[in-house]
Every structure is written in C-alpha cells, then in structure tokens.
Amino acid sequence: MRSPALIPLVLLLAAPASAHEGLPKTLERLDARVEASPDDLDLLLRRAESRRLARDPEGALEDLREAARIAPHDPRIEVERGLAHLARGDDDAARRSLRRYLADVERPRVDALVAHADLSPATELADIERAIAIEPSPDLCLRRGRVQEAAGDLAAAACGYRACADLLGGAVVLRLAAVRVDRDRGPNDATLAEVDALLAIRPDHPGWLALRADVLDELGRGDEARAERYAALAAVDARLRRRASTRLEEQRAALVVALGALP
Amino acid sequence: MTRASVLVALVVALLLPAPSEAVELIRRPYLQKTSETTVTLVWRTSEATTGEVHYGTDPTDLDQTATSDVEDPNHAVEITGLTPDTTYYYAVFSAGQLLASPAELDARQHPIHTFTTHPPAGEPTPFRAWVVGDSGTGSLRQLQVKDAMLNRVGPDRPDLFLHLGDMAYGDGTDDQFTERFYRPYAEILANTPVWPTLGNHEGHTSNSAEQTGPYYEGYFLPTAGESGGLPSGTEAYYSFDYADVHFIVLDSYESDRNPGGAMLTWLEEDIAATDQQWIVAYFHHPPYTKGSHDSDREREHIDMRENVTPILEAGGVDLVMGGHSHVYERSYLLDGAYETPSTSFGIIDGGDGRILGDGPYQKDPGATNAGALYVTAGHGGTGVRASGEHPLMYITEPINGSVLLDFEQGRLTITNVRFDGVISDTAVLVKGRSVVVGAPDGGEKRRPGGLDRIRWASTGDVGDVRILFSCDEGATWETVVERTADDGRFDWIVPEVETRNALIRVEPVDEPELGDRSNARFYVGRVGPYEDLPWQSEWKYWDKAGHPGERWNQIYYDDSTWQQGRGEFGYGDGDENVELAFRPVHPSYYFRKRFTVADDITAVWMRARFDDGLAVFVDGRLAVQVNMSDGFGHDVGASSPSADNELIELPISPEFFDVGEHVLGVMVKQRAGSIDLSFDASVEFTFSRSAALPCGAEARPGPGGPGTPGCEDCGSSLAAGGSGGLLLLPLLVARRRR
C-alpha cells in the first residue's frame, strides 16, 4: 500500500488516465454526425439537449432554429426551446415556448410541466395535476398538496395525499402528509385508517403509535389513546434498548408527559 | 411446459446447435428486487416473445415455473413464495427456446444461473457485498477491476452487488447500458442481485421525477418496502434489508435534497423505523471528497453533507458510500462533520482502523452519533484523479479498483481491491467487545513447516483466547493452542497439509461467540503458485543514456555498476518508488533480477506494469515482448504506445526455469513523444508436487516428525517450537461461511 505520507506527491502528479465519455465526448460525436447529416431532425434535437446540459443554451437555440427550418411544427422543438430559454435565464421566452408546447401535445413531458409550473404560479396547480396524471411521484404529490394547503383547500390536499399514497405503494411520506392535514382540519375515521395503514407496515413504530394516540385523543377517544400511549412507550423502550437516539428520547419524554407522569 | 419437458428441453438445447432463426439474449438474465421470499428475473431478447423461468433447489430438477405471457423483448418475471436463505438454480426460456441453463459455469467453474434469497432480517448471517462506482466505460480497466475482485474472493462470491452510479458512460443510453453494464458484468448479475443508485451520467437520459429512461426501465427496485424498509413510493430512493444490515439508497442527483422534501422526509422515517444492527447508506455524490470532484465546492456534495449526513448519523449509520469522484478514499471514524468547507473537525477516532495497525474502529451496539466511516469508491473503471487530500480521509488513492464489505457478527470489514490485485486498504469497524483476526485473513499463502505469526486485535476485555485451524473452510477445526494471552500475536509452525481452504479462528476462551476467523480462505501447501517475485521487489537497473553492454541480460554479466532499488520504476506519473533518469529522455532502460529455483516448476505467470515497450529475457532468451516490433536496439523506441501503467498478465514457459540460478532481464522502451515511463513486475511459480498431506487425508508421519499424534495432541504439535508435526482431522465442527 502506498503510505499516507507519500500520498500528496502522488495526488498532485497522478495521471488523469483516459477519462470516461462525458458530455464533451457526446457532443463531439454529435457534431460529427450532424455534419454528416445536417438535416437529421433527431440528431439536431439530441445535440440541442446535450448543449443545454453542457450549459450552452445559445448553441442549443442555434440547433433548434435549424431544426425548426426542417420541421417547423414539431412540438419537440418547442419544449426544448423553452428549456433552453430557461437555462439562459429568459423566463418570459421560456414560459411562452412551454405554454405553446403544453397546448400542442396530449401527453407532454413531465419536466416541461414542472418547468412551466415553476414559471407560472397561476397554472401551477393545473400543471402539477397534469404531471401527476402522467407519472405520479412523491415529490409531485407533495407539491400539489402544498399548493392546495396554501390555498386553504385542506380537503383536496388530504384527498390528494391519500390517493397518491395508494398509487405509490403506500409511500409513508404521503400517508403522513394526509394525517397531518386531516388533523389540521379535524381528524376523522379516515385519519385513523391512514395511521393504521402505516402501522400495518411497522406495528411497533413508536412514533406512529404515538401518532395514533394523538388522533384518538382528537377524536375524543381518551381511554383508547391512553392505552395506545402505553403501547408506544413500551415500543420506545424496546427500540431504545436496540438503538438509542435523541429522537427516541424525545418521543419517550413526550409520551411520559402525555401520560401525566414526570419525564 | 411440464417438468419432464423442461428436462428434455435442457438436454436437447445442450446437445443441438442453435437454429439460425434463434431468439438471442441481448441482456442475459439478472436479478432484481430480491427479498427473503421473492426475486424478479429480468432479461432481454432479440425479438418480442413470451418468457418462462424454471427453478428449483436441485439443478437437475427445476420443479417450479413462473411465466410472463406478454410478448415483449423485455422480460421481467417475479417469483414469489421462496424459502429464505436458500439457493435456487434456474433456466430461462423465451418462445420455448432455452436461453439460460443451470448447467452453465463461468470461467472459474462457478454456476452462473442461480439466485439466493435473503437471510431473515435481523439474523447476523455473515455475507459479502461488492461495491463499484463509476465503472461504465466498457474499457479493459473496468474488466480488470471486476477480475481482481473475483480473484480475491475465489469461490466466496459476493452476495450483493452495490453500484454507486455512473454505470453507463457517457449518457446512460440503452445501448450504453447493454454494452457497458449488463454485458461486462453478465456472469455476476446472473447470480448476484444489483442494487444501484442513479449517477449523473444516467441522469442525462433517465428522469427520476418521471421514472423514465434506460436506468428506470432496466432496474426493478422496491417502491413499497418489498425488500424491507419503508415504502418510498419511488425507485429513485429506497431501502432494503439483508441479514442484520439495513441498506439505504438515495438519489443525490435528481431528487429533492432539501429538508422537508419527499426524500429526506422518507429517510427520517425509514432510518428511525429500522431495528437492524448495521445501517449502510449510499448515493452517487459523497459528502467528503477531494478526488476528481471537490465536496466543498459542488452543490450536490454540499447538500448531501449538510442535509443528509446529520439525519444518517442521528439514525445510527455505520457506513456511507459514494462515487462520482474518481478516486478511492476512506475516512477516519467521523461524526458531526457537516460544515463547509470541511476541516478535521468531526474525527472521533483518528486511527487507521487496521487490525495490524492502530486496531479496529469501535462503537457501541445501537449507538447513534457514535461514528461512521465514509468511502468514496468512484474508481471502478474510469480515469482516476485526486485533487488533494481531504482532512477527514485516512487514505486517498487515485488507482482503479472496487470495495468489498464483509459483515460477520458485530464486525464490518472494508477492503479496497485494486485493479492489479493489490489490497491497498483494509479497515474494520467493530460493535462492542470482539476479537478480529488480522492474519492470515484470506488470500495468503503459507509453506508447510514454515514459522508464521497469527495476528488479531480485540476490542474490550475478552480474556485469554483459543486459536483454531481449519483446512476445510471451517467444516472442522483443529486446536492450535488451547489458551494464550490476548496479546494479538501467536507464532506457529504451519502444518504439513496441502489445502486451499485454510482458515484461522481466534476466540475468547470464556466467550467463544465473540471470536472471529480469517475473512477469506488462505492457502497452505508447497505447490503454490507462489509469488516469489512480488511487486515492488528489488531490482538492479540501468538508466544511463549509454548501452550497458551486449550481454546485459545474461547470467554471467557483471552488474555491480548498476543501481539498485524497488519497483515501481519510471518517471512522469508520480507513482514511482524509484525515479529513473530522464534528462535527456532516452529510449531504453534495463532491469535485472537474479533468483534461484530450488524445485521443479510446472507453470510461471508473469504480471507487469509498463509504459511503453517491454521485453523480458530469461538467461538471455526472449520470453515476452510487447510493442517491440521495431527491434531491441538500444537507440530504438517502442513501436507503439501503451496505456498509462498498462498491465499485462501472461504465462512464461516453465522450460526456462530448471532447478538452479537464473536471471530475469527486462528492457523497457520509451515511445517518441511520450513523457512518462513505468516498470514493475511480479512472477508466480507453481511447483510440481507437494510432500504435504491433502486436507482430509489420513495423517502419517512427516519428515523428521514425531509420528502420528492422537487428536488431543494435534494442537500443541502446531504451535511454534513444536517439531513441525502433522495435522489431524476432524475435531470441532463450526458453521460454514455462506
């Protein structure tokens, strides 16, 4: 092994060797291919995207101008143009191109919808709704919920979180968001069902047992809540024996206080 | 297809040549989303067909079937209802044609088409994971990294393949995935599940938000907690359990890295919910690096350090790994080093973590914020570089390789295996009190009758220890010494046995469950092969501009005016032990090495790193030449350029090496216009026969030995100072490594 004392010398002099193929290589190859086939629309679009990723939006726009000469109505040109404008900081032009693209195609690219949502608060909710319909993800679902919460539409937010959780394999982030919003607007039986869905994954999860107790309290079911807190306390203690953490200690303290004893 | 017809099809397919219109495998079968009871088998054919998998625990009786009825070139067949911790053999059919058979073996005679279900979560089953990052060049170096790992582990193959991203340069396209990931690793992927994380190069063509592109189309990853862990709702980040380890895989490139975002919220819940003994996290952009990327300057690294690392450490993480930066780096034991720029603040154990050095790192079982190790392993096949030395890293090495993780009881061993086979770093993290064997620890070779030192380290007070030897991979154990002080060393006479399955075990006499054994098998015997001329050996060398004389490569040549030094020799790369004269640059450099052969040799294997031309002579007779087609004249340069530090491995005829004295003469040539030159070599010799007993054979008196002892006498006969006595079998029965 090379001794650490030798390392600085080696580091400074180490040969870069043959680096992997990155964007510059890809662009080199595309340059050659575009030169050989200057009217190939797909190649021009690929190079425009690569140039944009390589932080050369001006070059990308050049390719797109050429592409538009070949196929003036191809929507792929418009979306790439929007993203290139975005990359060069021209939000107005980006918004115009993306809007045209989104109006033209039935199933747009999700990144175009998200980019347009970023640029257009007025259509943010609609854009994100449309993106979720195409390809739901925890990030998109959370974003939609936050927009709805900010607009005061808690019922829609909770409903959206719940629907997404069901769609995405029971993603815990979304179930927890649904419970949080439900509790803000006044919990109901569906809130309890959501917590139970979480506990079905980890029946001994102290945080979720405590959460169930809180919901039961809010539903006016104090005796059940108390029993649940004892179960949570037992789960915390079992977990602490296995892995101590500040989070668990805090949970324990909160439970003890809620049960009316000194921590 | 019935069971009988499967057997018939297997036989027929093996006997008959493939028809010309045969469906071809574009991507050979690979294992995905494995768990205790499930596996998803994925493959791609040249045409749209249906798919069928036949599987069973007996390779000659694949008595169960799972099918995919959709006609498609991409096949994914989920198999459920399996038994935990069980190996199954499988055959794959598409359009009724056998494409993968359980009878196929790889070049190392390892069955290719098998899968093994996870051991039950929470159980401390020993296992091994292979960690690779930034490999997807499709280059020779990528293959050398893989082969070095396979050579290191022998039959103890990894149970998991963890990829840290950038597996298909330059853009992660479908073709690049096929050529630079699925094909080079096909014989590993067919029996070892791969658990990837997205690299930035895959991000060029794959999209985490949409779960689209070649990365997401090729991989089938858990979104609903199918392999353990909490449901993330996305394949971009997920977790899984294997034995007593919880693995967390994050997306450091495309998913939201901010607190309150979906990924970090899920992470907080997931890490809080696990009860596993060990927690390992990995993602593409490591929190600490000064390789080809700088973690103090680039957003992804900073976010992962400032936002993610605190959650991981508060949750009790033990090991965090990343790629992206093309280097191998391994940290001290750290906690709380979140600031930018990084300083040495956060080192809680500044030792080397090595059993034979400062000793293993230690933390209490179940402790959080008690220290974690950080590894950058972006050295899997692409060009390597280091821009400096990170203050939190114990070792930084800009040389290609990969990493092995060995989990056994309360111990995690991290081993860096370089592409040339050198083990350049081994660190151990121990939870609680324990003994950890340091030597022999796997891969060593020991000659029978030789004096050798067994080394170990202990954490906490474990009392006296007992030492055991196994010649059959732990099936039976022989006592070397019943009780000796826990002082970390014991000298013994290597037993007269011929085995490639030797292990040493050291265990506290009063608490044997805290003991440990060699991390992998080592060799005892006389046959070898023995690397009697290792890397970094001492050579005579001539680096003057003038010619050293016509007989420079002959035995009877006076080399007393030559200089002497240890490899690597050269200039221009910065990795030389001896810098050769290069002002002015001249075309030929010469090396000599004298040695004596004492026994008959049956094979010789030479490995050399060189740049640019190489010629090897044995006693003046040419044995090897590379890039020398312009001749051997002193003023002639190499005929072609080599790669930097090009590695060749090739046999030399044993006929060169009769019993007696020999000299290896090496000529290394510069290529016109090149600014660097390199040379180092190792030579392995295999000897004709062994006088030692094969493992398991009936014991008989050895040369000069005391006669066959009873079993109860074996232990003392193996201890140093004994008469080099014999090995007796069998005594204690111990568990086998999986």
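This is a predicted model: local features need pLDDT of at least 70, side-chain atom pairs count only at pLDDT 80 or more; totals for chains, interfaces and linings use all residues.
## Helix pair in chain A

Helix 13 (residues 206-218) and helix 14 (residues 222-242) of chain A have axes that come within 8 Å and cross at roughly 170 degrees. Angles over 145 degrees count as roughly antiparallel, and helix 13 of chain A and helix 14 of chain A are therefore roughly antiparallel to each other. The crossing of helix 13 of chain A past helix 14 of chain A is left-handed.

On the side of helix 13 of chain A, the contact is made by A:Pro206, A:Leu209, A:Ala210, A:Arg212, A:Ala213, A:Leu216 and A:Asp217. Helix 14 of chain A contributes residues including A:Gly222, A:Glu224, A:Ala225, A:Glu228, A:Arg229 and A:Val236. By class, this contact of helix 13 with helix 14 of chain A has ten nonpolar, one polar and six charged residues.

## Domains of chain B

Chain B is divided into domain 1 (3-116), domain 2 (127-431), domain 3 (435-523 + 697-718) and domain 4 (531-687). Between the C-alpha centres of domain 3 and domain 4 of chain B the distance is 39 Å.

## Contact between the chains

In chain B, 50 residues are in contact with 49 residues of chain A. The elements giving two or more residues to the side of chain B that touches chain A are helix 6 (262-273), strand 19 (393-397) and strand 22 (423-431) of chain B. Helix 6 of chain B gives the most, with six residues.

By class, the side of chain B that touches chain A has 15 nonpolar, 23 polar and twelve charged residues.

Note on methods:
Residues are numbered from 1 along each chain as its sequence is written. Chains are lettered from A and ligands numbered from 1 in the order in which they are written. Axes are lines fitted to C-alpha atoms, for helices over the stretch in contact, and angles run from 0 to 180 degrees between N-to-C directions. Helices (H or I, at least four residues) and strands (E, at least two) are DSSP runs, numbered from the N terminus. Angles under 35 degrees count as roughly parallel, over 145 as roughly antiparallel, 65 to 115 as roughly perpendicular and the rest as oblique. A crossing is left-handed if the near helix is turned anticlockwise from the far one by less than a right angle, and right-handed if clockwise. Two residues are in contact if their C-beta atoms, placed from the backbone, lie within 7 Å. Ala, Val, Leu, Ile, Met, Phe, Trp, Tyr, Cys and Pro count as nonpolar, Asp, Glu, Lys and Arg as charged, and the others, Gly among them, as polar. Domain bounds come from an automatic or database domain assignment.
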